[in-house]
Amino acid sequence: MIHTESEYDVVIMGAGFAGVCQARHLMMKIPNIRVALVDPRPPQRTDKDLKVGESTIEIASLFLAKELGLREYLIENHAPKQGLNFHWAKDAAKTETLDDYYHTGSNRQVPIPSYQINRAKFERDLLEMDREMGAEFYHGQVVDVDLTPNDALKTVEIKVGSDRLSLKAKHVIDAAGRRFIIGRKTDNLIVDPEDLMGLDTGAAWMRVRNVDRTLFHDGHDPLGATTSHYYATNHYFGQGHWIWMIPIDTETMDLSIGIIHHHNVLSAEQVNTREKFLGFLKANHTILSDIIESSEVVDFNYWGKLAHRSKTMFSTDNWYVIGDAAYILDAFYSYGTTTVALAIEGVTEIIRAKLAKEADAEQKRAAYNEFNLAYARSVNCLYRGHANQLGHASIMSWRIYFEYMWWFGVQVPMYVGKWHLDMTFIPIFLKTLNSNVDGLFADLCKQFDQLVERDANIGLMDCYRADQLIGGYHTLKHFDDFLENAKIEPLRCNVFAGLKQTCFYVAVWYVMFQWKGFGIAGILRPQSIYHVLRLLGLSMQATIGELIYKSKTKGLSANTEVEQMRQEFKSYHYQPKLQPWMTTTNQS
Ligand SMILES: Cc1cc2nc3c(=O)[nH]c(=O)nc-3n(C[C@H](O)[C@H](O)[C@H](O)COP(=O)(O)OP(=O)(O)OC[C@H]3O[C@@H](n4cnc5c(N)ncnc54)[C@H](O)[C@@H]3O)c2cc1C
């Protein structure tokens, strides 16, 4: 047994999605940083190392492509994602083909490309890139960690084969997923469904290969959409559950199919084995059991308990929890890797500021910690009431529309402009976010429940279409020209415009929802009047915010590189000549 000691700036426990991305981000942002990664999985990942978390949405995909510089890698190695599709059975007893379902969903390319990733391949490749960049990889297991106070060096005890090693680190990151290395040690986890807005779920999933894709869709859709239906994340709903179908590899044609079920409606005992899960699908989503029967099965997995959050994410003792080690609530909308991206950027900036001994490092830590904890709560809120509502096509379609409005209108621009790292913006954002979670969203959730109970049909809202609200609005609409003018440097993207317009359109959505669901009584309800006035008030505040933002950024170019080229271009002259390339010998 060998005992050796090595010292690092950062030791990352776990080389899954969160760990390998965090390591690359740190090395890209902080020159010469010494990083170690520890993971018991071998660097050459196989089918056995396939994990869930295959679908990315805009923030995660921008993070991977832009922050980590993986755009070409993603295009060449992972499947393009074609938005999200949602399906509800017309008749629960007949679910053989897609025609047996009502649908809303992606009808065109979304403006920001995202990807369906093969996790084993992604983690293998990123780990290799990390090692090439200088990260030390220990193929072993963390057995203990000594979380000393404040800036004192930490010790991470690891087991590599039969050897025990002690790694010293200024900063320790727990990215070891559900091992909860730091979570257990510091009593940092929130797991009681009562404290998770009632969320009590489990998940079963399978990976299958070489399916007969025509059982889902034959690809010929001259009238419906300009996108592939197969490469979208397809969601199938029913009472107390939703099911995903995600293509994860274009070479092996692997497909991930899984269920999130709410224990109070559908118990673990009903879906926790491969046979039971297949039986459930045969009875309730025959199309999916037929697809699975046409394939080679790669694996089956079941987790009885999914959701948890953390009390602290970035501690003043220089430990950090990210990824599953920090929080996961539900897989609906595929938020997981997005939450990882937001956390990683915060961690990197804190560590950068700490290593550079900057005066505001601790202020940043406090602000980013608060931001990520509040963000986790807001993600939690996305699933409140799902147990009752998922199977109701009309109500869920309205809910999805509402949630899409905030995503594209506020969250995506916030991320593009790096406002989640901005110390003046964070408190403003958190105030709005927290009051929405506890006010408007909570109240709406009760109303969704009431409508489900009444079996109200208030129509099917399709968030991708521009003919559902007013003025050609659709939820993917941007209110700033950040894409057209590549305003992708920090603070260039005008998030206030998104906030202003989104609050306004949400107010319109809200009035329409009250009218359809509850008639004039709904509109005149004191809470409704309050929410509409508050939304319009927020829109006004954002207008003022926008004016201040515009005056502060007056004269700032939308994109520095373009501006530089334009300046250089001022001395442009047409040169009607070619450089000689034929030698005298060639000419003869
Ligand atoms: C059912 C389900 C579906 C999901 N679908 C999506 C989706 O479509 N899109 C999305 O964005 N997110 C999704 N998520 C969330 C996503 O899976 C997580 O956000 C993501 O996997 C988190 O990665 P991670 O690196 O934190 O954890 P992991 O990928 O679990 O990595 C943890 C690593 O730690 C290692 N480890 C374990 N013990 C030790 C130890 N003692 N020492 C050192 N290392 C250790 C493990 O070997 C592993 O490699 C889903 C989650 C679930 C549960």
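**A tour of the ligand site**

Start by selecting T337, where a polar side-chain atom lies 2.6 Å from an oxygen atom of the ligand, a polar contact being a pair of N or O atoms within 3.5 Å. This is a predicted model, in which local features need pLDDT of at least 70 and side-chain atom pairs count only at pLDDT 80 or more, while totals for chains, interfaces and linings use all residues. Residues are numbered from 1 along each chain as its sequence is written, and side-chain values use heavy atoms, with hydrogens and water left out.

Select V52 next, which places a backbone N or O atom 2.9 Å from an oxygen atom of the ligand, and then S334, whose backbone N or O atom lies 3.4 Å from a ligand oxygen atom. Taken alone the ligand exposes 1000 Å², of which the protein buries 95% (accessible areas by the Shrake-Rupley method with a 1.4 Å probe).

Now show the whole shell: 34 residues surround the ligand, and the closest are D39, S55, R119, D324 and T337 (a residue counts if one of its heavy atoms lies within 4 Å).

Conventions. Polar contact = N/O pair within 3.5 Å; in protein donor to acceptor, adjacent residues only side chain to side chain.
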